[in-house]
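Visitor: I would like to know what stands behind the labels. Please take me through them.

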Amino acid sequence: MFGYGLVCLFLHLVVSVPQPPCRRCCDHLPPLDDAATLRGGMPAIPEVRTFINMTILKGDKGDRGERGTPGKLGIEGSPGPRGAEGPKGAKGQAGAPGDSCKSQHSAFSVGRRKSLHSVDNYQALIFDTIFVNVPEHFDMFSGKFLCHIPGIYYFNVNIHTWNFKETYLHIMQNESEKAIVYAQPSDRSIMQSQSVMLLLKEGDEVWIRLYKRERENAIYSDDVDIYITFNGYLIKPDTE
């Protein structure tokens, strides 16, 4: 019990004694400015940074390098505005002359001064008057147009009917009927007309055919006036 009391007394003495404050080893040194003053009053040395002027170190221009590979094609831009119209160019030289052997025009217009009555056979209408026949592709002896230039042609026929008689004709291409010219019997004579366009090959014939006697028919004309005409011309050759 006595020993326990001594221990307690010792601990009380240790705890109750005040401890000195903790100090650092450098607390006795003066601040930096004071230390500089102590070195003789000299101010602190400024920091020095090195600067190099690169322009005085520039060397001579080197050789040109090799050309690089072309870059990728860029996106096509939008069309620009239309430019101003340029000056008129000089007149070109004349072209070479065409082939004079191949005529590219064909036209005829013929008339008949005589009346015609039907007979037992078909009759080709023969004409006795030429208005135009260039370049003579219409044969006046046969009454037929002979195609020398393949292409599209226009044909027209005009006739005068005979009183109380039927009028019955055809525009023919070779032996094929293409268009009819018709008028019924009447106590008054009239003018009748028919037109057609035909696509012809070289060697085709176009003519007017009067029907045979099984249908009594006739067309009228006289020596004073021409009542009957047949016309045709080339519209467009195939060679164009």
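This is a predicted model: local features need pLDDT of at least 70, side-chain atom pairs count only at pLDDT 80 or more; totals for chains, interfaces and linings use all residues.

Guide: Residues are numbered from 1 along each chain as its sequence is written, and side-chain values use heavy atoms, with hydrogens and water left out.

Visitor: What makes Lys144 and Glu205 a salt bridge?

Guide: The rule asks for a side-chain nitrogen of Lys or Arg within 4 Å of a carboxyl oxygen of Asp or Glu. For Lys144 and Glu205 the N to O distance is 3.7 Å, and the pair is a salt bridge. Lys144 is in strand 6 and Glu205 in strand 11, 61 residues apart. Strands (E, at least two residues) are DSSP runs, numbered from the N terminus.

Visitor: Why is Lys144 called buried?

Guide: Buried means under 20% relative accessible area, exposed over 50%, and partly exposed in between (1.4 Å probe, protein chains only). Lys144 has 18%, so it counts as buried.

Visitor: How many salt bridges does the structure hold?

Guide: It holds 3. In another of them, Glu177 meets Arg209 at 2.5 Å, N to O. Glu177 lies in strand 9 and Arg209 in strand 11, so this pair ties together parts that are 32 residues apart in sequence. Arg209 is buried because its relative accessible area is 7%. Glu177 has 44%, so it counts as partly exposed.

Visitor: What about Lys201 and Asp204?

Guide: Their side chains meet at 3.9 Å, N to O, in a salt bridge. Lys201 is exposed because it has 56% relative accessibility. Asp204 has 6%, so it is buried.

Visitor: Why does Thr167 count as buried?

Guide: Its relative accessibility is 0%, so the label is buried. Thr167 is found in strand 8. Its neighbours, not counting residues up to four places away in sequence, include Trp162, Val181, Tyr182 and Ile219. Contact here means heavy atoms within 4.5 Å.

Visitor: Why are Phe127 and Phe138 called edge-to-face?

Guide: Rings of Phe, Tyr and Trp (its six-membered ring) pair if their centres lie within 6.5 Å; planes under 30 degrees apart count as stacked, over 60 as edge-to-face and the rest as tilted. The count by this rule is 17 aromatic pairs. Phe127 and Phe138 have centres 6.1 Å apart and planes at 65°, so they are edge-to-face.

Visitor: What makes Phe127 and Phe230 stacked?

Guide: Their centres are 5.9 Å apart and their planes at 25°, so the pair is stacked. Phe127 sits in the loop between strand 3 and strand 4, Phe230 in strand 13, 103 residues apart. Both are buried. Ring pairs link them into a cluster that includes Phe108, Phe145 and Tyr153.

Visitor: What makes the nonpolar surface patch?

Guide: Ile152, Met197, Leu199, Tyr233 and Ile235 make it, with about 480 Å². Patch residues have over 30% relative accessible area and no salt bridge; like charges are joined within 9 Å, nonpolar side chains (Val, Leu, Ile, Met, Phe, Trp, Tyr) within 5 Å. Areas come from the Shrake-Rupley method with a 1.4 Å probe. Met197 has 54% relative accessibility, so it counts as exposed. Met197 is in strand 10. Strand 10 and strand 13 each supply at least two residues of the patch.

Definitions and conventions: Helices (H or I, at least four residues) and strands (E, at least two) are DSSP runs, numbered from the N terminus.
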